[in-house]
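Hello,

Here is the structure we spoke of handing over. My notes follow below it.

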Amino acid sequence: MYIKRDVKQLIFDKKNNNFIQLIHSFNLNIRNIITIKKIAELANVSPGTVDRIIHNRGQVAQENVDRVNAIIEEYGYKRNILASNLALNKKFHFAVFLPKYENLEYWKSQISGVEKAAEEFGKFGVVLDYFFYDFNKESFQKQIQNVIDFDCDGLLFAPIFYEDSVRFLNEYQKKQIPIVMIDSNISEESEHAYVGQNAFQSGYLAGRLISFAVKNKRKVLVFKITREIESTSVYLQRIDGFYSYFKDHDELTNFSFSEITVKDSGTDQLCMEMFKDIHSVFVPNSRAYIVARFLEKNNIKGVRIIGFDLLKENIEYLNKGIIDFLINQRPEEQGYMGINYLYKKLVLQEETESTNYIPLEIILKENYFPNKN
């Protein structure tokens with residue numbers, strides 16, 4: 001559809017010391033405003049036929065299909081997907097498969113982001129169905145079948161336990177619905193979407209921070225504080241990234257490394273001997289405060305500590321100057337963006353990037369400003 005428009009323009013004529021009015025005539029190509037009714041008139045078919053062609057429903061003569069599609073191509077018709085969904089009162093059920101968050105501050109932040117998205121997109125038909133499990137393999141495995149049996153349109157999932165998560169995804173992908181992972185990624189080559197940190201790069205960053213402005217000999221302790229499990233997917237990737245930094249910088253010959261692993265339930269077994277001659281400590285998860293608390297209690301100073309996540313305990317020791325750096329992976333944003341991905345993919349039917357890395361923030365005492373909300 002073309003509309004002729006006259007546009008007036010005033011310019012100043014210096015020679016005659018007055019304004020001259022110029023009139024330009026041109027055509028505006030008005031797109032995306034044609035209706036189904038107008039398409040039907042132009043194609044000499046019924047509006048019902050146009051609707052069936054647009055939504056690929058029912059049998060329509062090929063000549064009518066070609067004629068309608070040619071008109072759509074010329075005039076740029078685009079279906080208002082949101083309006084169609086609202087008119088049909090269509091619901092989109094997203095399954096949320098995450099750890100229980102009551103006693104896990106990090107996962108509570110993830111759920112806050114998920115619920116923020118649920119509130120924002122609920123008016124467009126988005127409904128969330130939650131499947132929580134205790135932070136252990138047994139509870140995770142018990143919940144798997146419930147998630148597989150649940151009929152939904154998309155899945156938000158945190159693949160914490162690597163081997164079990166791989167088996168679950170291999171089975172779940174038979175449902176042929178969109179899956180978005182948060183917190184950790186099974187593989188960069190995975191066909192599923194991912195929102196979160198680049199775990200390898202976060203460990204690599206920790207290595208850089210450990211080495212920063214250090215010239216003399218340094219002994220580095222990788223302090224692994226785990227729960228009931230030895231490690232998770234993201235945990236291993238961080239450690240791998242940490243060591244890779246020093247492998248890639250072979251000029252850093254003044255660093256030596258050791259490792260200690262303790263269970264959460266055995267943190268009272270920390271002793272002075274563990275930190276003898278140690279200059280730096282890398283904690284590849286959110287429990288750096290456990291090391292900081294021990295060092296403070298025993299008046300051990302001069303140890304650089306690097307950990308993850310803005311937990312209250314971590315912030316306490318950051319502000320005290322005992323923890324030097326915290327790498328923040330913005331869990332609330334991960335939860336929100338995970339649901340946002342499914343919303344764009346399924347509700348708006350938009351093409352979206354399958355990998356969305358959250359920028360890693362380096363938090364120091366000097367640049368930490370709490371969210372007053």
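Asp-277 is partly exposed, with a relative accessible area of 45% (buried means under 20%, exposed over 50%, partly exposed in between, using a 1.4 Å probe and protein chains only). This is a predicted model, in which local features need pLDDT of at least 70 and side-chain atom pairs count only at pLDDT 80 or more, while totals for chains, interfaces and linings use all residues. Residues are numbered from 1 along each chain as its sequence is written, and side-chain values use heavy atoms, with hydrogens and water left out.

Asp-277 forms a salt bridge with Lys-219, their closest N and O atoms being 4.0 Å apart (a salt bridge is a side-chain nitrogen of Lys or Arg within 4 Å of a carboxyl oxygen of Asp or Glu). The pair links distant parts of the chain, 58 residues apart. Lys-219 is also partly exposed, at 39%.

The structure holds 10 salt bridges. Another of them joins Arg-330 and Glu-333 at 2.7 Å, N to O. Arg-330 is partly exposed at 23% relative accessibility, and Glu-333 is partly exposed at 28%. Shared partners also join Glu-296, Glu-316 and Lys-320 into one salt-bridge network.

Ala-158 is buried, with a relative accessible area of 0%. Not counting residues up to four places away in sequence, Ala-158 touches Phe-97, Leu-98, Trp-107, Tyr-133 and Ile-182 (contact means heavy atoms within 4.5 Å).

Phe-200 is partly exposed, at 26%. Leaving aside neighbours within four places in sequence, Phe-200 is in contact with Gln-237, Asp-240, Gly-241 and Ser-244.

Regards

Definitions and conventions. Helices (H or I, at least four residues) and strands (E, at least two) are DSSP runs, numbered from the N terminus.
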